Amino acid sequence: MAKTKQGKRDVDSYTISGTNKVVRVGDCVLMRPVDSDNQPYVARVEKMELDGRGSVRVRVRWYYRPEESKGGRRQFHGAKELFLSDHFDMQSANTIEGKCVVHSFKNYTKLDNVGPDDFFCRFEYKAATGAFTPDRVAVYCKCEMPYNPDDLMVQCDDCKDWFHPSCMSMTIEQAKKLDHFVCSDCVKENGAKRPSHAYAGSTKYEPKAESKRQRR
C-alpha cells in the first residue's frame with residue numbers, strides 16, 4: 001500500500017460488505033441511491049484509499065442514465081445504455097452494493113444473453129454543458145435514428161441499409177417471418193416487386209457500418 005498525504009493510504013481492493021465480491025480500481029460498481037425507490041447509481045472506480053479511521057473511500061467517475069442527462073431519454077437509447085460522465089466524487093465504499101459490467105457498444109450487441117448487471121456505453125457526457133462525445137453517430141432507416149440494440153431491424157437486400165419494421169408498415173411478428181427484404185426506395189428505383197418474404201435482423205445484431213449518413 002502506498003502512502004498518500006494526510007496519513008491516507010491507497011488500497012488495491014475492497015470486499016463488498018456481506019459478500020465475497022472484490023472491487024478493484026477500474027471496476028464498475030452499483031452504488032446505493034439516496035432514495036431507495038430509485039435504481040442504483042453506476043460508477044467506475046478510479047481510486048481507493050484507507051483513511052485514518054480505517055474506513056475505505058473510493059473516488060468514482062459516474063455513469064449517467066439517459067433520463068439523468070439534460071436531453072433526457074430518447075427513442076434510440078437502449079434500456080441498458082449509460083453515458084460516461086466527467087463527474088467525479090469521493091464516496092464511502094460502504095455505499096457499493098455490487099459489481100456490474102459496462103460493455104462497449106460493439107461488444108454489447110454481440111452478447112448472447114444480457115444479464116441484469118450488463119450495461120453498455122457509446123457516449124461520453126459533459127454534465128455541466130450536456131454535450132456528448134462523439135457528437136455524431138451513424139443513423140439508419142427512413143426515420144434517420146441511431147441504432148437502438150433493443151429494437152429488431154431488417155436489412156434491405158439491395159441497399160444494405162437497416163429499417164424498423166414499423167417504418168416499413170410491418171409488425172414485428174410479420175418481420176420475423178420474412179426471409180428477404182427490399183425497401184420501398186429500392187423498389188421504386190429498381191422497379192422490382194417487393195418479395196413476399198423479408199429477412200429479419202436479430203435484435204442483438206449490430207447494423208453494418210456501411211451507412212455514411214451522420215447525425216448530431
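## A buried cysteine in a predicted model

C141 counts as buried, because its relative accessibility is 2%. The structure described here is a predicted model, and in it C141 has a positive phi of about 70° although this residue is not a glycine. C141 is found in the loop between β11 and β12, the latter strand covering residues 154-155.

Most residues other than glycine have a negative phi, and most peptide bonds are trans. K160 lies in the loop between β12 and β13, where β13 is made of residues 162-163. At 36% relative accessibility K160 counts as partly exposed, whereas C141, at 2%, counts as buried.

The peptide bond that leads from T133 to P134 is cis, with omega near -5°. P134 is found in the loop that runs between β10 (132-133) and β11 (137-138).

A disulfide is a covalent bond between the sulfur atoms of two cysteines. With a cut-off that requires the two sulfur atoms to be within 2.5 Å, the count for this model comes to 0 disulfides.

Two cysteine pairs illustrate the reasoning. The cysteine sulfur closest to that of C167 is the one in C141, and because the distance is 3.6 Å, the two are too far apart for a bond.

C186 is buried, with a relative accessible area of 7%.

## Strand pairing around β7

Strand β7, which covers residues 81-92, pairs with strand β6, residues 56-64, through 7 bridges, and these two strands run antiparallel. Within this pairing, R59 stands opposite M90 in β7.

Strand β7 is also joined to strand β9, residues 118-125, in this case by 5 bridges and with the strands running parallel. Here L84 stands opposite E124 in β9. Taken together, β7 has an antiparallel partner in β6 and a parallel partner in β9.

Technical notes. Residues numbered from 1 in each chain as written. Predicted model: local features only at pLDDT ≥ 70, side-chain atom pairs only at ≥ 80, totals over all residues. Heavy atoms only, no water. Helix = DSSP H or I, 4+ residues; strand = E, 2+ residues; numbered from the N terminus. Buried < 20%, exposed > 50% of the residue type's maximum accessible area, 1.4 Å probe, protein only. Pairing = 2+ DSSP bridges.
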